[in-house]
Amino acid sequence: MIKEEYRGAEQWSRNRQAVFTVVWISFLSAAIGTMVFFALFDPVDLTGIFDADLDIDRDAGYAAGFFFFWVLCALCSGMTAFLVRTAPKRKAKQHKQ
Amino acid sequence: MYESAKKIYPREIGGRFARLSYIATLSLLGIFYFLPWLTWDDRQAVLFDLPARKFYLLGLTLWPQDFPYLALLLIIAALSLFFFTALAGRLWCGFACPQTVWTEIFIWMEQWTEGTRSQRMKLDKAPWSFEKIRKKASKQFLWITFSMWTGFTFVGYFTPIRELGADIMALNIGGWTFFWGTFYGLATYGNAGYLREQVCKYMCPYARFQSAMFDKDTLIISYDEDRGEPRGSRKRGDDPAEKGLGDCIDCTLCVQVCPTGIDIREGLQYECIACAACIDACDSVMDKMNYPRGLVRFTTENALKRKPSRILRPRTMIYATLLLVLCSGLVYSLATRTPLILDVIRDRNSLYREISDDRVENIYTLKLINQSHEARSFVLKVTGFEGIELDGAPDQIVVEGGGVMSLPVRVRAHRDDVQGIHTIHFSATAVDDPSVRVEEDSRFLGPIP
């Protein structure tokens, strides 16, 4: 009765779900991390502390911080997702006599 | 196992909730696109000025040191969402969530260019022709233009939008401005044009945990099984009771209109975003059959079991109380905050310096931030032990409105009075209003006995 094309036709595979979830959640975490970190530290002040010669402006500082956090959180979430997804199956309990 | 994505073509439906969704979409998007153009005094009313490190919210100017207020605001926003969810379930998802709202408007553009559901399905199956290219291209044109406008508006919350507009017209676009505008535009295009409800199903954390805030009195969308079953088609004018049938005529319209592709008659499912398209669909059929509306309706678990539903219950009252406390706390502290910040940085290059008359001194850099809008005069004082002196500060320090004054000062005392480490207190007081006063502590280091 109900045509196939209506019923949840777009199903994502587990791996696809995992990738998108990792990217999105790490994006949110990076946004929060960036806001907190740069509320405390002015990027321009930080360039003065670096040993290396860095002459970037504030906007570049915010962007660099944001992408650093995003990559870091993505690696963290990605590794977590990977370990959870590929966890070995539990062996069935052996019934003792 | 990767199943290639088939496109869902939900059927269009009109009705009470479709109208509500329409109003919600227009209002919320209207606010988003209109707000950056509002001015306050002589600046943009809502501006998160990242280069200047200040956030402007109408009459309120927030500095980085005001970050706790922002954090509190975010906590209040989260609690409001949980409170709303406990009361009204996923109404946020279906009517107010940015993902839904932007998807709505992209769907309108799609319907405007490519037509109704059946027309779109035919178009997708048809071979490429001039007609098809024209329709698809106009849709993409609308989508891309709208996404670019969205990216531009988004950046306009962080750099003053009028200057931004002027710069773009002069083709003078800064690197990062271009990057973030494009990034956000692209995200809008991808999320609203293609991902749509997949975001809700697979990516949204709220979708995953929202049901934890439900109880038996939370508003949900449900099919009235008692009334509807057994379902079956019948002729017009037939008495359903005689044929042993419930009110559901199994037209499957509720399934056809569902954007997430579920059958609400199987019960409330995780994917349901409470958009109420199924309610509109069923109501329209009930009207045609002369049956009462509400076979699929907003209700609560208790109501379905014919038990009384309450709005006032421990869960909702606790949320409401918490929100009340936090909101009044925020308003009160913002209203009574001292528009003055004093930062004290002790010079670390030396422990202390010996000067004439057997005295020692420590050097400090003071930063005075005047958070009010007009220039103000301040008086600096220092206390902490006998015979303490402040040198290097003028009698009155004038700081412009919203300005920062950096001042190197020295604190001096007789060496006998200051052995070891002492805590000292700097204070800055506004001349015109002694209640505007801040105190900051620091350390004074003297000779070790």
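Trainee: How many salt bridges are there between chain B and chain A?
Mentor: The count is one salt bridge in this predicted model. The side chains of A:Asp42 and B:Arg53 form a salt bridge, at 3.6 Å from N to O.

Trainee: And how many residue pairs are in polar contact between chain B and chain A?
Mentor: Six residue pairs, both residues being at pLDDT 80 or more.

Trainee: Which elements of chain B give two or more residues to the side that touches chain A?
Mentor: They are helix 5 (117-125), helix 8 (175-195), helix 9 (197-203) and helix 12 (253-256) of chain B. Helix 8 of chain B gives the largest share, five residues. By type, the residues on that side of chain B are 21 nonpolar, five polar and 10 charged.

Trainee: What area is buried between the two chains?
Mentor: About 3300 Å² is buried between chain B and chain A, with 60% of that given by carbon and sulfur atoms. In chain B, the residues that lose the most area to chain A are B:Arg53, B:Tyr202 and B:Met203, together 22% of what that side buries.

Trainee: Changing topic: at what angle do helix 1 and helix 13 of chain B cross?
Mentor: Their axes cross at roughly 145° and come within 7 Å. B:Arg16, B:Phe17 and B:Ala18 in helix 1 of chain B meet B:Ile279, B:Asp280 and B:Asp283 in helix 13 of chain B.

Trainee: What are the confidence scores?
Mentor: The model has ipTM 0.75 and pTM 0.82. For chain B, the mean pLDDT is 89, and 99% of its residues reach 70 or more.

How values were computed. Residues are numbered from 1 along each chain as its sequence is written. Chains are lettered from A and ligands numbered from 1 in the order in which they are written. Side-chain values use heavy atoms; hydrogens and water are left out. Axes are lines fitted to C-alpha atoms, for helices over the stretch in contact, and angles run from 0 to 180 degrees between N-to-C directions. Helices (H or I, at least four residues) and strands (E, at least two) are DSSP runs, numbered from the N terminus. Contact means heavy atoms within 4.5 Å. pLDDT is the predictor's confidence in each residue, from 0 to 100. Buried area is the accessible area (1.4 Å probe) that two parts lose on being put together, summed over both. A salt bridge is a side-chain nitrogen of Lys or Arg within 4 Å of a carboxyl oxygen of Asp or Glu. A polar contact is a pair of N or O atoms within 3.5 Å; within protein, one must be able to donate a hydrogen and the other to accept it, and residues adjacent in sequence count only if both atoms are side-chain atoms. Ala, Val, Leu, Ile, Met, Phe, Trp, Tyr, Cys and Pro count as nonpolar, Asp, Glu, Lys and Arg as charged, and the others, Gly among them, as polar.
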